[in-house]
Amino acid sequence: MSALRPATMQALLIACALLASATVLAERERRSARTPAPALPAYPKECAACHTAYPPGLLPAASWQRLMTNLPRHFGTDASLDAATTQQIAAWLAQHAGTSRRVAREPMLPPEDRITRSAWFQREHDEVPAATWQRAAIQSPSNCSACHAGAAQGNFDEHSIRIPR
């Protein structure tokens, strides 16, 4: 076996360094997509009163911005808040909005800015029969905590899913 030339050795070292960097970056993104945003007490207080306080990383910033500017007509309900609270929650949602590959790679914003209508949500739940969403204990795809016990904490790990009968 012949010895590697210095240029070949240098190219191999660069390739190994690039591969290692890519691996580290991929792992960092995987962890950040699953790590809940730091708590903002106003968010669950105001939003979880009616529904799951969805982790901000599940929608892109543009969707959160539209949702927060349309609170008087929030999916058929007046969810208006005082201006200071609205601004505080809107800024927090924008800061922690979805930038992971899953959310950012979508070619379009989710229809009606609904998490359940996003392409990634549809892919993740494509094996769930329509009848399952109609069960009394579930009621709709937006009721994350029906199947994901850790939804309130931003934990949607598929190993802890329990689908009610």
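Is D113 buried or exposed? D113 is buried, at a relative accessible area of 9%. Buried means under 20% relative accessible area, exposed over 50%, and partly exposed in between, with a 1.4 Å probe and protein chains only.

Before moving on, some ground rules. This is a predicted model, where local features need pLDDT of at least 70 and side-chain atom pairs count only at pLDDT 80 or more, while totals for chains, interfaces and linings use all residues. Residues are numbered from 1 along each chain as its sequence is written, and side-chain values use heavy atoms, with hydrogens and water left out.

**Stop 1: salt bridges**

The term covers a side-chain nitrogen of Lys or Arg within 4 Å of a carboxyl oxygen of Asp or Glu. D113 sits in the loop between α5 (101–104) and α6, and R66 in helix α3; they are 47 residues apart. Helices (H or I, at least four residues) and strands (E, at least two) are DSSP runs, numbered from the N terminus.

Now select E112, R114 and R117. Salt bridges link these three in a network. E112 meets R114 at 2.7 Å, N to O. E112 also pairs with R117, where the closest N and O atoms are 3.5 Å apart. Both arginines are partly exposed: R114 at 31% relative accessibility, R117 at 40%. The whole structure holds four salt bridges.

**Stop 2: aromatic pairs**

Select Y43 and W92. How are their planes set? The pair is tilted, with 45° between the planes and 4.9 Å centre to centre. Rings of Phe, Tyr and Trp (its six-membered ring) pair if their centres lie within 6.5 Å; planes under 30 degrees apart are stacked, over 60 edge-to-face, and the rest tilted. Y43 belongs to helix α2 (residues 42–47) and W92 to helix α4 (residues 83–95), so the pair ties together parts that are 49 residues apart in sequence. Both Y43 and W92 are buried.

Next, select W120, F121 and W133. Ring pairs link them into a cluster. The structure has three aromatic pairs.

**Stop 3: the largest nonpolar core**

Select Y43, Y54, W64, I89, L93, I115 and W120. These have the most contacts inside the largest nonpolar core, which has 27 residues. Such a core is a set of buried Ala, Val, Leu, Ile, Met, Phe, Trp, Tyr and Cys residues joined through side-chain atoms within 4.5 Å. Elements giving two or more residues to this core are α2, α3 (61–69), α4 and α6 (119–124).

Centre on W64. Leaving aside neighbours within four places in sequence, W64 is in contact (heavy atoms within 4.5 Å) with Y43, Y54, P55, P56, L59, L93 and A97.

**Stop 4: H148**

Jump to the segment after α7 (130–133), where H148 lies. H148 counts as buried, at 12% relative accessibility.
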